[in-house]
Amino acid sequence: MTGWISPWLALAVGLLIVIVYEGRVIWIGRRAPHRVARDVHAQMRADWVRALAEKPGFEIVAVQTLRNSLMSATITASTAALCLMGAVTLGGSRLAAGLAGVHAPHDLLPLELLQLLLMATLFASFVCSTLSMRYYNHVGFAMSLPAGSPQRQAVVALAVDYIERAGYLYGWSLRSFLSVAPLVVGIVNPVLLPPACACLVWVLWQFDKPGAITD
């Protein structure tokens, strides 16, 4: 009985640690955006788009900057896709065999659930990165229009919205990819999942702390 409860308890505690942390970050971000890095960065990107809309001669610089972001999202998407294919290749047949014997929720084993979460997390990272690439690509078209032109002014609001979405999606793709580490640890030994999730939260906290902001 203990051998059955311990892995499930460890899994529940580990997931709860991450869920509580993410909920706290979202709660703080809605009430005090300046205390969360991703909200500060979203505002910075929006200000960047608005500022360059009135600066002729910076179109090439803007597109080059967006290209760097696009390449970062491309690398994340490619890595997540490769890892997903590896996870399916290495554990897909074993997972399918295990799920074939599941006739009720209590038949599901922690290892099988962790493998499903691993594949779902990698897929989520890939999807978020791909959508981020899509938005960065469209912002590139908008930012390449001549600054100050009527066509540019007509798409400034759209470009601001798209670059904010792209940044948030890229951030979630990285967070999803980082979440793979504790899931892999949990597959090796489910009891180690809570401390691995605590380490993940510490890493995410480093990402979520904004830099010094002066008025």
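Helices (H or I, at least four residues) and strands (E, at least two) are taken here as DSSP runs, numbered from the N terminus. The model is predicted, and local features therefore need pLDDT of at least 70, side-chain atom pairs count only at pLDDT 80 or more, and totals for chains, interfaces and linings use all residues. Residues are numbered from 1 along each chain as its sequence is written, and side-chain values use heavy atoms, with hydrogens and water left out.

The protein contains 7 helices and 0 strands, and its elements follow the pattern α-α-α-α-α-α-α along the sequence. Burial was assigned from relative accessible area (buried under 20%, exposed over 50%, partly exposed in between; 1.4 Å probe, protein chains only). By this criterion, 38% of the 215 residues of the protein count as buried.

Helix α2 has 16 residues. From its first C-alpha to its last, α2 reaches 22 Å, close to the expected 22 Å, where the expected span is 1.5 Å times one less than the number of residues. Its buried residues are A37, R38, D39, A42, R45, A46, V49 and L52. In an α-helix there are 3.6 residues a turn, so residues three or four places apart point the same way.

V25 is found in helix α1 and counts as buried because its relative accessible area is 5%. The C-alpha atoms of V25 and W205 are separated by 9.0 Å, although the two residues are 180 apart along the chain. I60, placed in helix α3, counts as exposed because its relative accessibility is 65%. Between I60 and L145 the C-alpha distance is 9.9 Å, with 85 residues of separation in sequence. N137 belongs to helix α4 and is partly exposed, with a relative accessible area of 36%. N137 and L70 are 67 residues apart in sequence, and their C-alpha atoms are 7.2 Å apart in space. The C-alpha atoms of K55 and G148 are 7.3 Å from each other, with the residues 93 apart along the chain.

Open space was then examined. Rolling a probe the size of a water molecule over the atoms shows where empty space is left. On a 1 Å grid over the protein atoms alone, a cavity is a set of points where a 1.4 Å probe fits but cannot get out, whereas a pocket is an open set with protein on both sides within 12 Å along at least five of seven lines; lining residues have an atom within 4 Å of a point. Grid points are joined across faces, edges and corners, and a volume is the space filled by probe spheres set on the points.

The largest pocket holds about 370 Å³ of space. Its lining comprises 19 residues, of which R38, H41, G167, Y170 and G171 lie nearest the centre. Two or more lining residues come from each of α2 (37-52), α3 (59-100), α5 (150-178) and α7 (193-208). Of the elements, α5 gives the most, with 8 residues. Residue classes were assigned with Ala, Val, Leu, Ile, Met, Phe, Trp, Tyr, Cys and Pro as nonpolar, Asp, Glu, Lys and Arg as charged, and the others, Gly among them, as polar. On this basis the lining of the largest pocket has 10 nonpolar, 5 polar and 4 charged residues.

The second largest pocket holds about 320 Å³ of space. Among the 16 residues that line it, L15, V18, T121, S179 and L183 are the closest to its centre. At least two lining residues are supplied by each of α1 (2-31), α4 (110-143), α5, α6 (180-188) and α7, and α1 gives the most, with 5 residues. The lining of the second largest pocket has 10 nonpolar, 4 polar and 2 charged residues.

Placements of charge over rings were also identified (NZ of Lys or CZ of Arg within 6 Å of the ring centre and within 35 degrees of the ring normal). The charged end of R134 sits over the ring of Y135, at 5.4 Å from its centre. The charged end of K209 is placed over the ring of W205, 4.3 Å from the ring centre.
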